[in-house]
Amino acid sequence: MGLSNKNLSAKDRLVLALDVDSIDDVERLVTMLKDYVGFFKVGPQLFTSCAYDAIDTIKRLGGEVYFDGKFHDIPNTVAKASSNLVKRGVSFFNAHLAGGSKMLTSMVKVAKETAKKYQQPIPTILGVTLLSSFGQRTLTEELSVKMNIDEYVSHLTYLAKESKIDGVIASASEARRIRQEFDEEFIILCPAIRPTWSVVNDQIRVVTPADAIKAGVDFMVVGRPITSADDPVVAANMILDEIDEAMKSLVNI
């Protein structure tokens, strides 16, 4: 495993979603926020616009990269794609757990082999349980999954653990159950984080930073509340304060 979830600061926990379209925006946001953010997320929007230039720019400016590619393909394809990310020094990335154990285990194996061969840090690999835009109706009626969301997420999380995946991506409401069922070193990253002062946008299963911390989440992704703010640094600091307060409240319980 690459990343540790022990003794994380508020900054360590904060992942900024760079859902932008240009290298200029990447340079501006990373330069402005690298002292306030632990990782910068490169997802489909940015990668299809700027490809590896985005990852290389973040690394050059001193940032750490979370590649949010959500791989879901045949095992050989996913393993080779993972190897390419490791060569670029990506800190952590993810894949859909619905891709199955053969895809997941081959990806983990090849990623570790590549890290050793090219003397890169071993990346942390997370499994996508269910997209944050999904609600129960979508899961049941469109995917014909008869489990409720919590059961389905728990089922996929066991698959992640059995496949040697380092952790999962799940909402804070699901994280509480995951944290109870799995060891403390199992990483939980929560997307769709919205501070109390922010609008929800297009996600359904959303929570605040404080909710996430209290549920046992290790890392959390924030995007538009920071990147679209009048002053992104002020917005980031407000979120860091909210994380710090929640961490202190847990210590005092």
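Helix α5 passes helix α6 in a right-handed crossing. Helices here are DSSP runs of H or I, at least four residues, numbered from the N terminus.

Some ground rules. This is a predicted model, where local features need pLDDT of at least 70 and side-chain atom pairs count only at pLDDT 80 or more, while totals for chains, interfaces and linings use all residues. Residues are numbered from 1 along each chain as its sequence is written, and side-chain values use heavy atoms, leaving out hydrogens and water.

Back to our pair. α5 covers residues 75-87 and α6 covers residues 101-117. Their axes come within 8 Å and cross at roughly 30 degrees. Axes are lines fitted to C-alpha atoms over the stretch in contact, and angles run from 0 to 180 degrees between N-to-C directions. So α5 is roughly parallel to α6, a label for angles under 35 degrees.

Who touches whom? Contact means heavy atoms within 4.5 Å. On α5, the contact residues include Pro75, Val78 and Val86. On α6, Met103, Met107 and Val110 are among them.

Ile23, Val26, Glu27 and Val30 of α2 meet Asp53, Ala54, Thr57, Ile58 and Arg60 of α4.

Key: Helix = DSSP H or I, 4+ residues; strand = E, 2+ residues; numbered from the N terminus. Parallel < 35°, antiparallel > 145°, perpendicular 65-115°, else oblique. Left-handed = near helix turned anticlockwise from the far one by under 90°.
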